[in-house]
Amino acid sequence: MQERKTRLETLRLELLERIRHYEAHQHRTSGALDKDLDDQALEVRNDEVIARLEDEARTELAQVERALARLDAGVGDHCEICGGLIAPERLEALPYTTRCKACADR
(Lines give C-alpha, C1' and ligand atoms only; values in the text may rest on other atoms or scores of the structure.)
Protein backbone atom coordinates (compact mmCIF):
# COMPACT_ATOMS: atom_id res chain seq x y z
CA MET A 1 0.00 0.00 0.00
CA GLN A 2 2.90 2.39 0.74
CA GLU A 3 4.22 1.93 -2.82
CA ARG A 4 0.84 2.88 -4.23
CA LYS A 5 0.63 5.92 -1.96
CA THR A 6 4.09 7.01 -3.12
CA ARG A 7 3.03 6.59 -6.77
CA LEU A 8 -0.11 8.65 -6.13
CA GLU A 9 1.83 11.38 -4.35
CA THR A 10 4.33 11.53 -7.23
CA LEU A 11 1.49 11.68 -9.74
CA ARG A 12 -0.13 14.44 -7.67
CA LEU A 13 3.04 16.54 -7.83
CA GLU A 14 3.34 15.95 -11.58
CA LEU A 15 -0.27 17.00 -12.13
CA LEU A 16 0.15 20.13 -10.01
CA GLU A 17 3.21 21.09 -12.05
CA ARG A 18 1.35 20.42 -15.30
CA ILE A 19 -1.57 22.57 -14.14
CA ARG A 20 0.83 25.36 -13.14
CA HIS A 21 2.36 25.18 -16.62
CA TYR A 22 -1.07 25.31 -18.29
CA GLU A 23 -2.10 28.28 -16.13
CA ALA A 24 1.11 30.11 -17.05
CA HIS A 25 0.33 29.53 -20.71
CA GLN A 26 -3.24 30.76 -20.33
CA HIS A 27 -2.12 33.91 -18.49
CA ARG A 28 0.52 34.62 -21.13
CA THR A 29 3.37 34.84 -18.65
CA SER A 30 5.74 34.31 -21.57
CA GLY A 31 4.38 37.35 -23.43
CA ALA A 32 1.41 38.75 -25.32
CA LEU A 33 -0.11 37.38 -28.51
CA ASP A 34 1.94 37.59 -31.66
CA LYS A 35 1.28 40.64 -33.86
CA ASP A 36 0.71 38.53 -36.96
CA LEU A 37 -3.00 37.62 -37.30
CA ASP A 38 -2.30 34.10 -38.58
CA ASP A 39 -0.02 33.46 -35.63
CA GLN A 40 -2.63 34.90 -33.28
CA ALA A 41 -5.25 32.51 -34.66
CA LEU A 42 -2.90 29.59 -34.08
CA GLU A 43 -2.18 30.74 -30.52
CA VAL A 44 -5.91 31.02 -29.77
CA ARG A 45 -6.49 27.47 -31.07
CA ASN A 46 -3.60 26.34 -28.88
CA ASP A 47 -5.28 28.05 -25.93
CA GLU A 48 -8.37 25.91 -26.47
CA VAL A 49 -6.29 22.74 -26.47
CA ILE A 50 -4.40 23.85 -23.36
CA ALA A 51 -7.69 24.60 -21.59
CA ARG A 52 -8.95 21.08 -22.32
CA LEU A 53 -5.65 19.59 -21.12
CA GLU A 54 -5.87 21.64 -17.95
CA ASP A 55 -9.43 20.41 -17.33
CA GLU A 56 -8.29 16.81 -17.79
CA ALA A 57 -5.36 17.33 -15.42
CA ARG A 58 -7.66 18.85 -12.79
CA THR A 59 -10.07 15.91 -13.12
CA GLU A 60 -7.22 13.43 -12.74
CA LEU A 61 -5.85 15.40 -9.76
CA ALA A 62 -9.25 15.17 -8.05
CA GLN A 63 -9.21 11.38 -8.60
CA VAL A 64 -5.70 11.15 -7.14
CA GLU A 65 -6.70 13.25 -4.12
CA ARG A 66 -9.73 11.03 -3.55
CA ALA A 67 -7.63 7.86 -3.80
CA LEU A 68 -5.09 9.28 -1.33
CA ALA A 69 -7.87 10.16 1.12
CA ARG A 70 -9.28 6.64 0.82
CA LEU A 71 -5.82 5.17 1.46
CA ASP A 72 -5.44 7.36 4.55
CA ALA A 73 -8.85 6.13 5.73
CA GLY A 74 -7.72 2.51 5.27
CA VAL A 75 -10.21 1.67 2.50
CA GLY A 76 -8.09 2.39 -0.58
CA ASP A 77 -7.96 -1.20 -1.79
CA HIS A 78 -11.71 -1.74 -1.55
CA CYS A 79 -14.33 -0.82 -4.14
CA GLU A 80 -16.39 2.19 -3.10
CA ILE A 81 -19.51 0.57 -4.63
CA CYS A 82 -19.50 -3.10 -3.63
CA GLY A 83 -16.82 -3.06 -0.92
CA GLY A 84 -14.90 -5.93 -2.51
CA LEU A 85 -11.16 -5.85 -3.04
CA ILE A 86 -9.92 -4.09 -6.15
CA ALA A 87 -7.63 -6.38 -8.17
CA PRO A 88 -3.93 -5.55 -7.68
CA GLU A 89 -3.46 -5.47 -11.48
CA ARG A 90 -6.16 -2.82 -11.74
CA LEU A 91 -4.55 -0.75 -8.99
CA GLU A 92 -1.22 -1.10 -10.75
CA ALA A 93 -2.69 0.18 -14.03
CA LEU A 94 -4.92 2.84 -12.44
CA PRO A 95 -3.51 3.68 -9.02
CA TYR A 96 -6.26 6.27 -8.42
CA THR A 97 -9.17 3.94 -9.16
CA THR A 98 -11.80 3.60 -6.44
CA ARG A 99 -13.90 0.89 -8.08
CA CYS A 100 -13.37 -2.74 -9.00
CA LYS A 101 -13.60 -3.60 -12.68
CA ALA A 102 -17.11 -5.03 -12.41
CA CYS A 103 -18.51 -1.89 -10.75
CA ALA A 104 -16.59 0.41 -13.09
CA ASP A 105 -18.03 -1.43 -16.12
CA ARG A 106 -21.63 -0.87 -14.94
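**View 1. Confidence along the predicted chain.** In this predicted model, helix α4 (residues 101–105) has the highest confidence in the chain, with a mean of 96, while α2 has the lowest, with a mean of 86. Averaged over the chain, pLDDT comes to 88, and 84% of the residues score at least 70.

View 2. Among contacts in the chain with a separation of 6 or more, 55% join residues 24 or more positions apart.

**View 3. The largest nonpolar core has 13 residues.** Take a look at Leu8, Leu11, Leu15, Ala57, Val64 and Tyr96, the residues with the most contacts inside this core. Both α1 (2–26) and α2 (37–72) supply at least two residues of this core, and α2 gives the most, with 7 residues.

**View 4. Leu11 and its contacts.** Set aside the neighbours of Leu11 within four places in sequence, and the residues in contact with Leu11 are Glu60, Val64 and Tyr96. Leu11, Val64 and Tyr96 are also among the residues with the most contacts inside the largest nonpolar core.

**View 5. A second, separate core has 5 residues.** Cys79, Ile86, Leu91 and Cys103 are included in this core.

View 6. Of the 106 residues in the chain, 25% are buried. The chain exposes about 7200 Å², and 52% of that area is supplied by carbon and sulfur atoms.

Note on methods
Residues are numbered from 1 along each chain as its sequence is written. This is a predicted model: local features need pLDDT of at least 70, side-chain atom pairs count only at pLDDT 80 or more; totals for chains, interfaces and linings use all residues. Side-chain values use heavy atoms; hydrogens and water are left out. A nonpolar core is a set of buried Ala, Val, Leu, Ile, Met, Phe, Trp, Tyr and Cys residues joined through side-chain atoms within 4.5 Å. Buried means under 20% relative accessible area, exposed over 50%, partly exposed in between (1.4 Å probe, protein chains only). Helices (H or I, at least four residues) and strands (E, at least two) are DSSP runs, numbered from the N terminus. Contact means heavy atoms within 4.5 Å. pLDDT is the predictor's confidence in each residue, from 0 to 100. Accessible areas come from the Shrake-Rupley method with a 1.4 Å probe; for residues, only the protein chains shown count as cover.
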